[in-house]
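Biologist: Can you walk me through this model? Keep it brisk, please.

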Amino acid sequence: MERPKNRFLEELAKGLGTHQDSENILREYATHIDEILIESLDCENEEAVMERIVARLGSPKEISDMWQEELSVTPSNMKWLFILLNIFFFGGGSLLTLVHNLYEWKWVSLVWSHLTAIPTLIAILYLFFWALLGYEIGKGFGHGGRTLLKKTFFLSLIPNILLMVLTVFEIIPHSWFAPLLTKTFIIACIIFTIILYPISVIGYRWGKKASI
């Protein structure tokens, strides 16, 4: 019965390589395997025992890949991922607006007219992005992620603030955003901006619970 356990742990150790928590991970899985071995007295041979271990815990490769992937998720990576995603959204929207107003490309006008017809849907999807930001930080870093959430949120918000300033001072012509730039739309934008942080905090708390 010990041979399936040793074989499993050897393959797992090989997959983990130089992972900083490899000893703790192996110790934890050894405990789980001991519990499975006690329940495996009905197995006819060692291969059947091994199959039961893999069925319960996953293969050594699956486990080591999971831990290696987790190791690559650092606070810095997480922060810059969401900052760059928000810049990508604004960069894409800005490019579309620019091309739509400077060139008479039919397909761009078609995309523009479709997008400006569904501002509410886009706003809801954008709220989901901020909720996801909080969720991923909460799930990945738990209680210690609150400071990371604040830093990521405020840095990610820079493109939003910049666009508002450029629009308010008419550095970007208001006509470029027709037919969006109505009084109702401006008020909605202000409200949505105000609730972005609470939405992120709700996502963060949800992710923190999911990590336990």
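This is a predicted model: local features need pLDDT of at least 70, side-chain atom pairs count only at pLDDT 80 or more; totals for chains, interfaces and linings use all residues.

Biologist: How many helices and strands does the chain have?

Modeller: Ten helices and zero strands. Both are DSSP runs: helices are H or I with at least four residues, strands E with at least two, numbered from the N terminus. The radius of gyration is 25 Å, well over the 17 Å of the globule rule for 212 residues, so the chain is more spread out than a compact globule. That radius is over C-alpha atoms, and the rule is 2.2 Å times the number of residues to the power 0.38.

Biologist: What box do the C-alpha atoms fill?

Modeller: Roughly 75 × 40 × 30 Å along the principal axes.

Biologist: New topic. What percentage of the residues count as buried?

Modeller: 31% of the 212. Buried means under 20% relative accessible area, exposed over 50%, partly exposed in between (1.4 Å probe, protein chains only).

Biologist: And Thr152, buried or exposed?

Modeller: Thr152 is buried, at 0% relative accessibility. Thr152 sits in helix H8, residues 146-156.

Biologist: Which residues is Thr152 in contact with?

Modeller: Leaving aside neighbours within four places in sequence, Thr152 contacts Lys79, Phe82, Ile83, Leu133 and Ile137. Contact means heavy atoms within 4.5 Å.

Key. Residues are numbered from 1 along each chain as its sequence is written. Side-chain values use heavy atoms; hydrogens and water are left out.
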